Amino acid sequence: MVTAIYGLAMTTGAIRVVKGKRIEHVLGDPNLGVEKDRAYSLRLVRTGLKVLEEAVSGPTFFDPDEYMKAKEQEAHHAA
Amino acid sequence: MRLDLGTFPVEEVHFGSRTHWKDGSLEINSEELVKQIMSDPRIAHAKIELAKPGESTRIWPVRDVIEPRIKVKGPGTVYPGVCDRAIITVGQGVTHRLAGVAVIEVSEVLQHEAGGDFTEVYIDMSGPWAKIIPYASLLNVCVVVEPDPVLHVDIKNRAVHQACLTVSDALASTVKDLVPPQSEVFELKPVSSSLPNVVYIPCIHSPQAMSGSLSTFCVSIYGITQLTPPWVLHPNELLDGAISGPYRTPFATSWALVNNPVLLEMYRRHGTDFNFVTCIALRTEWTKQYEKELVALQTAKYASLFGAQGAMVTWDAGGNEFMEVIRTVQACERLGIKTIFLTSEDYSAEGVSTMLEPIPEADAMTSTGFFPSAALGLGELPPVERVIGSPQKVVGPLRDQIVPTAGKLTPPRRYDDHYGFNRLTCVET
């Protein structure tokens, strides 16, 4: 679940919670301008898809910046 | 801070050649008042109609309900800050009020044009809906008013609200120089230190996030509707209308805010059951998790700095705003402040909480019923003989049907009794 109100998602039992931007624009950030906004959205969607691969035992929180950075680093080391 | 609130009951209201109160009878020169309203170039049409309890009358659309009040002695003006009124701190001196009468703001103007916030409230003066809303037992002076359509929505809003304040001020000024038949003193005198310190925390909707504007008209604190840090307010300021204006539910009106039973009951128990310390109002509908948490933590911090041992929390909205409200309850409890939460509930579904987020710290709650009016089992409301306001009404979940206002209608969708006005009972099965 991608949501701006991740605290609520966690306490009500959503299993994989990805931090979204704001209530009005969960999957984007209009302050970034069109191109960067699109890149930001894509990053969130990709994070959402990627975390489906994670085995979790309870509500788990994913910050897209931290998570994707870690994944990129892992990929870099593996290469 | 001492406020003497003088009450002038109104038992009868009629149109006449002057605007005048005598022995409970209120005469209104509607021509003169309409002339005053129309002297504002922003206004295109205005008329005044009367609605009395028991009549087969429906008032639609109802944007606000205002109790006529006036500052007689002391600084400032009632309903401060709204529509460019003075922002001088209120709550001292003498205020007079007309009881049993209200000015109803009847207008098609929406609070903003960003979508979502539609006016849904109407008033029936008889029938099943009338039995459960406080305004149907009032003598209602309905100001049916529309602004010049070319104006910006914020200007339209202030124009129609100003028209209603003009009428409210004119009615209240009829008793400015008279001795009130009833008077009550509101003052937080020092009390025994053995009594627990208690604060009242009203959570007040902000339209900023929904409208995307800092100046949208809605329920305001000294005229300000933006998302702002918590406000420390003496309860007397609330009695002078420091928080005023409508939101979109039948219980979020200027009238409800100055007649708030939670506030009045807490005041009357000051010195007997507890020490009523202050009010701390916070704005709701922040749009980020950390903003919601921050405003909750800061509100609880204020309460703690005031030495609060107990708190009463109310709110006036729904949806995601529940987050900062319930987190305020949580934050207070975590600072050792025993907190009561007064709220309406969502539909009860099998085994699922009627609260958006049930948290263990919220261990003392008072329910005012279910907020979806469909849960009240009223069915369709009967047709009426007379409509004040618009003859047609948009209905349906998609807002795609137009029906005659005078015909059978489903009740307004929401019935969230924010402050405990109703007298509904229920049986748990």
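**Confidence and overall build**

This is a predicted model, and in chain A the mean pLDDT is 92, with 100% of the residues reaching 70 or more. Within chain A, confidence is lowest in helix H1 (residues 6–11), where the mean is 88. It is highest in strand S2 (residues 16–19), at 96.

Chain A has three helices and three strands. Read from the N terminus, its elements follow the order β-α-β-α-β-α. The C-alpha trace of chain A spans about 40 × 35 × 15 Å along its principal axes. Of the 79 residues in chain A, 22% are buried. Contacts between residues at least 6 apart in sequence can also be sorted by separation: in chain A, 42% of them join residues at least 24 apart.

The three strands form an open sheet in chain A, in the order S1-S2-S3 and with parallel pairing. Strand S1 (2–3) and strand S3 (60–62) of chain A are the edge strands, each pairing on one side only. Helix H2 (residues 34–50) of chain A packs on this sheet and touches S1, S2 and S3 of chain A. The direction of helix H2 makes about 165° with that of S2(A).

How many bridges join S2(A) to S3(A)? There are three, and the two strands run parallel. In one pairing between residues, A:Arg16 has A:Thr60 in S3(A) as its bridge partner.

The largest nonpolar core has 125 residues, and the members that touch the most others are B:Ile104, B:Val141 and B:Val143. Helix H3 (residues 153–173) of chain B supplies the largest share of this core, with nine residues. In soluble globular proteins, nonpolar side chains tend to be buried together.

Leaving aside neighbours within four places in sequence, B:Val141 is in contact with B:Val13, B:Ile28, B:Ile48 and B:Leu50, among others. Its contacts also include B:Val101, B:Val103 and B:Ile104, as well as B:Val167 and B:Leu171.

Last comes the place where the two chains meet. Ten residues of chain A are in contact with nine residues of chain B. On the chain B side, the residues touching chain A comprise four nonpolar, three polar and two charged ones.

Key:
Residues numbered from 1 in each chain as written. Chains lettered and ligands numbered in written order. Predicted model: local features only at pLDDT ≥ 70, side-chain atom pairs only at ≥ 80, totals over all residues. Contact = placed C-beta atoms within 7 Å. Nonpolar A, V, L, I, M, F, W, Y, C, P; charged D, E, K, R; others polar. Helix = DSSP H or I, 4+ residues; strand = E, 2+ residues; numbered from the N terminus. Buried ≥ 20, exposed ≤ 12 C-beta atoms within 10 Å, placed from the backbone. Core = buried A, V, L, I, M, F, W, Y, C linked by C-beta atoms within 7 Å. pLDDT = per-residue confidence, 0-100. Pairing = 2+ DSSP bridges. Axes fitted to C-alpha atoms, helices over the stretch in contact; angles between N-to-C directions.
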